[in-house]
Amino acid sequence: MSALNSLPPGPTSHPIVQLLRYSFRPLAFLEDCARWGETFSFRLAGFGDMVQLTRPEDIREVFRGDPAILHAGEGNALLATLVGDTSVLVLDDAPHSRQRRILMPPLKGERMLNFFEVMQSEALTTARTWAGEDSVRADTAMQSITLRVILRAVLGIDTGDDFAELEDSMKRLLTEARHPLVLVMYNLFPPKRHANSRILPFYRLKRRFDECLYRVIAKRRAMAAGQRPACLLSDLQEMQHDDGSGISDVEIRDAVVTILAAGHDTTALSLAWAFEQILPRADVVARIEAELADVCEGQLPRPQDIAQLDYLDAAVRESLRIRNILPFVVRVLKDDFTVGGVTYPAGVILCPSIHLLHRREDLYPQAETFRPERYMERKFQSHEWNPFGGGNRACLGQAFALYEMKVVLATLFATLTMTRPEGAVSKPVRRGIAVGPSDGARLQAKYRNNLADA
Ligand code: HEM
């Protein structure tokens, strides 16, 4: 029997059937597979043999394992179509560490304060729009906030023709990339053969976006260093690799698109899920409001308030636990690797499962219940709570995302009274590679007081 045949048990249906089941009902598929045991395998057509790990100690072993054996970049290969071949997301080994070193400093936690103003002003614009509407989709409003915030963080501007064109073409591009059958399309239209297509909208829109971005990169290169606005693009243009070489335009393009793509929908869908989880719970809403009243003294949240909002922080963490948008992360084995006492051969894709780890009753008693208090009672390690993955591939935008979620939620809860329409149901459905709410997390909003006029 080959080593591949001795993988842990799992569904035996055709890999195309498994891919379709995962595409249409991602979480239900994973939950159904869990009946095979704590560790199980499945095969998605075009992607190979995947072993899902749900035990915290196994996930820790993978996150601590040798990155030369555990290749995440290879597992993310389908993203290269959008983010490019030099993106940190799709590289492994030394080239990955090289790109990660470049992106880390601009995304450090202490830099977040610089973005407070734009995050809050975008949230206030949303508050004004929502208060006049009957019922709104949280996801589209959050996508618009997070796209404008991340573009501002990357480009250092939020007006002008270049900004408008990049905003518009990124919006259209991501609308294409959000197709629920994106994994199936990847099989049907492999990028190697279709990248120059003039018909497929994704590739057409990508060319339009790239042309504009390269124009902006050239304009910024022509500016004296002291004149460039403070932003990630300027940071990248001023950096050097360890060997003293500069960062090429292609690397800059790929880094910018990586940050725009990884840092926008992820946070927007997580915010939409946070409304879906928090609003039906009057007790949670009341504690968030009481904390805001206490910390912000009846004013709009200020930069120094955000770190004081402990209950809101716990509610955000609980929402990311119960409704994480990426159900698992991937590591393609380049050699034999032993985890949980089992040795897996090269070629197998080990998948630390975020969704099923977060549903473990031994870690999270009454796991289906939204209970922010958990995070005030105990501290969870990165192999127990990991919406942002882990090890040498842990999300580079974790500090950015958590900060943005708190600023946006604090501002909206301070200015609006929000409720879910009666009978609203949000089923988890695919939005590209992520999982979002089927109804967009609908809500109704009314002005709480005159703070939104601030
Ligand atoms: C709530 C929002 C977010 C969630 C849930 C999230 C989740 C994740 C996950 C699960 C990974 C894969 C980790 C692994 O393989 O172990 C990842 C990687 C990454 N994320 Fe995020 N992310 C979010 C927001 C952001 C933001 C705002 C940015 C940028 C500003 C960002 C940039 C990245 C990058 C660059 C990587 C690749 C890291 C590497 O491969 O070394 N993410 N994220």
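Predicted model: local features only at pLDDT ≥ 70, side-chain atom pairs only at ≥ 80, totals over all residues.
Local features are reported where pLDDT is at least 70 and side-chain atom pairs where it is 80 or more, while totals for chains, interfaces and linings use all residues. Residues are numbered from 1 along each chain as its sequence is written.

Around the ligand there are 27 residues, of which Gly263, Thr266, Gly389, Cys395 and Gly397 come nearest; a residue is taken as near a molecule or strand if its C-beta atom, placed from the backbone, lies within 6 Å of it. Two or more residues of this shell are given by each of helix H6 (93-103), helix H14 (249-262), helix H15 (265-278) and helix H20 (398-415), where helices (H or I, at least four residues) and strands (E, at least two) are DSSP runs numbered from the N terminus. The shell is made up of 17 nonpolar, eight polar and two charged residues, with Ala, Val, Leu, Ile, Met, Phe, Trp, Tyr, Cys and Pro counted as nonpolar, Asp, Glu, Lys and Arg as charged, and the others, Gly among them, as polar.

Helix H20 is mostly covered, 16 of its 18 residues being buried; a residue is called buried if 20 or more other C-beta atoms lie within 10 Å of its own, exposed if 12 or fewer, and partly exposed in between, with C-beta atoms placed from the backbone. The end C-alpha atoms of H20 are 26 Å apart, in agreement with the 26 Å that its 18 residues should span at 1.5 Å a residue, the expected span being 1.5 Å times one less than the number of residues.

An open sheet of three strands has the order S4-S12-S9 and antiparallel pairing, two strands being paired if DSSP finds at least two bridges between them. Its edge strands, each pairing on one side only, are strand S4 (136-137) and strand S9 (416-419). Two bridges link S4 to strand S12 (residues 442-447) in the antiparallel sense, and valine 136 has leucine 443 in S12 as its bridge partner. Helix H7 (residues 116-131) lies across S4, S9 and S12 and runs at about 95 degrees to S12; axes are lines fitted to C-alpha atoms, for helices over the stretch in contact, and angles run from 0 to 180 degrees between N-to-C directions, contact requiring C-beta atoms, placed from the backbone, within 7 Å.

A further open sheet has five strands in the order S1-S2-S8-S5-S3, with mixed pairing, and its edge strands are S1 and strand S3 (70-71). Strand S1 (residues 39-44) and S2 run antiparallel and are joined by six bridges, with phenylalanine 40 opposite glutamine 52 in S2. These two strands form a hairpin with three residues between them, and glycine 46 in the turn has a positive phi of about 85 degrees. Strand S2 (residues 48-53) is mostly covered, with five of its six residues buried, and pairs with strand S8 (residues 349-352) in the parallel sense over four bridges.

Most residues other than glycine have a negative phi. Glutamate 297, however, has a positive phi near 50 degrees; glutamate 297 lies in the loop between helix H16 (282-296) and helix H17 (310-322) and is exposed, with 9 other C-beta atoms within 10 Å.

Methods: Contact = placed C-beta atoms within 7 Å.
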